[in-house]
Amino acid sequence: MGGDSQQNWVLMVTAQTPTNIAVIKYWGKRDETLILPVNDSISVTLDPNHLCTTTTVAVSPSFQQDRMWLNGKEISLSGGRFQSCLREIRARACEVEDNKKGIKITKEDWGKFHIHIASYNNFPTAAGLASSAAGFACLVYALGKLMNVKEDESQLSAIARQGSGSACRSLFGGFVKWIMGKEENGSDSLAVQLADEKHWDDLVIVIAVVSSRQKETSSTSGMRESVETSLLLQHRAKEVVPKRILKMEEAIRNRDFASFSQLTCTDSNQFHAVCLDTSPPIFYMNDTSHRIISIVEKWNRSEEAPQVAYTFDAGPNAVLIARNRKAATLLIQRLLYYFPPNSDDLNSYIIGDKSIAKDAGINGIPDIETLPPPPEIKDNIPSQKYKGEVSYFICTRPGRGPVLLSDESQALLNSENGLPK
């Protein structure tokens, strides 16, 4: 390590990683430590402009210990999952030279140096919006870049998987498959991209954030209980999912929305049926979730072809995938008709791509108040409205995989001392 100021340098990398939503669900592990699933899964990566994790990682000989800050608060890195990711990445670290700063780090140095990590989610953590997926994917991706790791995204995904299962799917954009693998050491349990985000760019995604509270049953303990007690889970993993995976791959390849929608809705419902079949039963959806399903089902059945697919992860939030922009505007009209905002602030009620609401003719609260009932409602039944049941809506689309942010102003750590800005 050259230079007289060799104890004072700080080397940093900042990356941004998207979150993803599974359309064929991962639920249940066959190995808790390595996070190996009982079935394959398929997801759509969401546009990082609307939902992402930004992570800065830094190394310096002056750091006394590994430290991490999440959304501005320091958190412990002692957990097994963080340790697994750090250990695996450090084992693959290569030599790094920064001639501008006069820094040279050998492979051996990486074992001695401590790192600082700062991470920020632009959406609620642990509310069923796959924040841990984006978080661990971003951590592994950024550390891989900092330490000059030569592994490709699929190989990195096998490391991210050890932080959070679904994190392996956030190392790619577009449509991603997590292959469960057969090996006991998990070396073949990794993610591959099925198609990039441009392959099917008609799709529009609307997320109804029903509750941004942390959930009662964490996914980790919920899965464990399902594996131990649900016979439906065994049947699902062995008989149902393998066939669905093949059909879903075909639907994505052919941009066949009717099949995509049917598979997505059915698989989401079966996942929640497995949760109910668990002892004691797990309830992730609530009355609002059920109302949203009912609205979409009624509308889809009244049309010649399905307009929208719904899917719910381990929480009450609805992820609604519209077949195209026209369907998305009709969807937003229906959602705002049934779930008008509690306040007059439309700007914070619809976030992300606000142009979809504008296309739907919604420019202010008066436009919501004058929305007609959807045509699929029979005239003689006055429809109920559920004001305040949805916290807000996020309008987004399928998006790209992780990227490096080279602009130092976007870094979350200070380049002088490696502490949060």
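Is S230 buried or exposed? Select S230 and you will find a residue that counts as buried, at 1% relative accessibility. Buried here means under 20% relative accessible area, exposed means over 50%, and partly exposed lies in between (1.4 Å probe, protein chains only).

Before we go on, two notes on what is on your screen. This is a predicted model, in which local features need pLDDT of at least 70 and side-chain atom pairs count only at pLDDT 80 or more, while totals for chains, interfaces and linings use all residues. Residues are numbered from 1 along each chain as its sequence is written, and side-chain values use heavy atoms, with hydrogens and water left out.

**Stop 1: around S230**

S230 sits in the loop between α5 (219–229) and α6 (231–253). Helices (H or I, at least four residues) and strands (E, at least two) are DSSP runs, numbered from the N terminus. Leaving aside neighbours within four places in sequence, S230 is in contact (heavy atoms within 4.5 Å) with E225, V274, D277 and T278.

**Stop 2: helix α8**

Next, select residues 287–302, which form helix α8. This helix has 16 residues and reaches 23 Å from its first C-alpha to its last, close to the 22 Å expected at 1.5 Å a residue. The expected span is 1.5 Å times one less than the number of residues.

Colour T288, S289, I292, I293, I295, V296, W299 and N300: these are the buried residues of α8. Look down the axis of α8 and they fall within an arc of 160°, so they line one face of the helix. The arc is that of the directions from the helix axis to the C-beta atoms. An α-helix has 3.6 residues a turn, so residues three or four places apart point the same way.

Which exposed residues does the face of α8 turned away from its buried side carry? Select D287, K298 and R301 to see them. The buried residues of α8 pack against several elements, including α7 (257–276) and α9 (325–338). Finally, zoom in on the start of α8, where a side-chain oxygen of N286 reaches to within 3.1 Å of the backbone nitrogen of T288.

**Stop 3: the five-stranded sheet**

Show the strands in the order β15-β16-β14-β18-β17: they make an open sheet with mixed pairing. Two strands pair if DSSP finds at least two bridges between them. β15 and β17 (350–352) stand at the edges, each with a single partner strand, so one side of each is left without a neighbour in the sheet. The twist averages 25° from one strand to the next. For such angles, axes are lines fitted to C-alpha atoms, for helices over the stretch in contact, and angles run from 0 to 180 degrees between N-to-C directions.

Bring up β17 with β18 (residues 392–396): this pair is parallel and has three bridges. I350 has F393 in β18 as its bridge partner. Now show α7, which packs on the sheet, touching β15 and β16, with its direction at about 25° to that of β15. Helix α9 also packs on the sheet, and its direction makes about 15° with that of β14.

**Stop 4**

Select N317, in the loop between β15 and β16. N317 is buried, with a relative accessible area of 2%, and a polar atom of its side chain lies 2.8 Å from the backbone nitrogen of V210.

Move to Y349, in the loop between α9 and β17. Y349 is buried at 4% relative accessibility. Y349 and F393 are 44 residues apart in sequence and 6.0 Å apart in space, C-alpha to C-alpha.

K354 lies in the loop between β17 and α10 (355–359). K354 counts as partly exposed, at 28% relative accessibility, and its side chain reaches the backbone oxygen of I350 at 2.6 Å.

**Stop 5: strand β5**

Last, select residues 41–45. Five of the five residues of β5 are buried, so this strand is largely enclosed by the rest of the structure. S41, S43 and T45 point one way from β5, and I42 and V44 the other way. β5 runs antiparallel to β2 (residues 20–24), joined by four bridges, and four bridges also join β5 to the antiparallel β12 (residues 175–179).

Conventions: Polar contact = N/O pair within 3.5 Å; in protein donor to acceptor, adjacent residues only side chain to side chain.
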